[in-house]
Amino acid sequence: SKDETSNQTDKGAAHHNSETAASPAPATKKDDTNSDADKIERLRLKKQLKKQRQKEKKAEAAKQADEARQKKEKEKLQLQKMKKEQATKKNEKKKFSDSKQTNEFKSLRKGVKYLDLKVGNGPVVQHRKKIRVEYTLRAKNHTTGKIIDASKNFGFRLGKGEVIEGYDIGLEGMRVGGIRRLIVPKQAGYHNDDIGAGRGADLYFEIELLYVAP
């Protein structure tokens, strides 16, 4: 009948629609393209990360190398400073020793004493030869004592008795350019005469040898 035919048609259509709804949709070309793009992006990111790690390793290695170089340079500078300080201390010790020796007067005949403040490098004085000196004579000491006598250019012949005996004795061995201090006691000076320092007082000379006749 017409109703039975209609029911069968509806059932067939329903069955067909059910099968159609249950079947998965086929993959499209667009989905494949997206999947490939994701893979490429992941590979790119992976490669970028690898490069970044390599860069960081190189930077760390360079940093360590620089720190090692700076440490080595610092140790080198400290060693140089230590050597310099040791050399300075050694020089100061030598200067102190030399100064100690220099500040000691040496004794000559008749109680005359001398101290070379500067050793000259010119001709040495000779007996009976004309010499010229610059000198200052003080009482009590060489630096602050009262000035008794002085001359910028005093000439005489050494060892001829033209000056006090202490002068002749005290200048022995001097060279032109040298500066010497003398302490002359009364027995080699003016004996008991008072020339401004007191009777029988020691005389304090500072003498620079300017010239020795050839």
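## Strands β5 and β6

Strand β5 covers residues 179-184, and strand β6 covers residues 203-212. The two pair in the antiparallel sense, over six bridges. Within this pairing, I179 stands opposite E208 in β6. The model described here is predicted.

β5 is mostly covered. Five of its six residues are buried.

## The other side of β5

β5 is also joined to strand β2, residues 113-118. Five bridges link these strands, and they run antiparallel. L115 stands opposite R181 in β5.

## The whole sheet

The strands belong to an open sheet of six. Their order is β1-β2-β5-β6-β3-β4, with antiparallel pairing. β1 (106-107) and β4 are the edge strands. Each of these pairs on one side only.

In a regular strand, side chains alternate between the two faces of the sheet.

## H142 in its loop

Where does H142 lie? Its place is the loop between β3 (130-139) and β4 (147-157).

Is H142 buried or exposed? H142 has 11% relative accessibility. Buried means under 20%, so H142 counts as buried.

## What H142 touches

The side chain of H142 reaches the backbone oxygen of L182 at 2.9 Å. L182 is also among the residues in contact with H142 once neighbours within four places in sequence are left aside.

Note on methods: Residues are numbered from 1 along each chain as its sequence is written. This is a predicted model: local features need pLDDT of at least 70, side-chain atom pairs count only at pLDDT 80 or more; totals for chains, interfaces and linings use all residues. Side-chain values use heavy atoms; hydrogens and water are left out. Helices (H or I, at least four residues) and strands (E, at least two) are DSSP runs, numbered from the N terminus. Buried means under 20% relative accessible area, exposed over 50%, partly exposed in between (1.4 Å probe, protein chains only). A polar contact is a pair of N or O atoms within 3.5 Å; within protein, one must be able to donate a hydrogen and the other to accept it, and residues adjacent in sequence count only if both atoms are side-chain atoms. Contact means heavy atoms within 4.5 Å. Two strands pair if DSSP finds at least two bridges between them.
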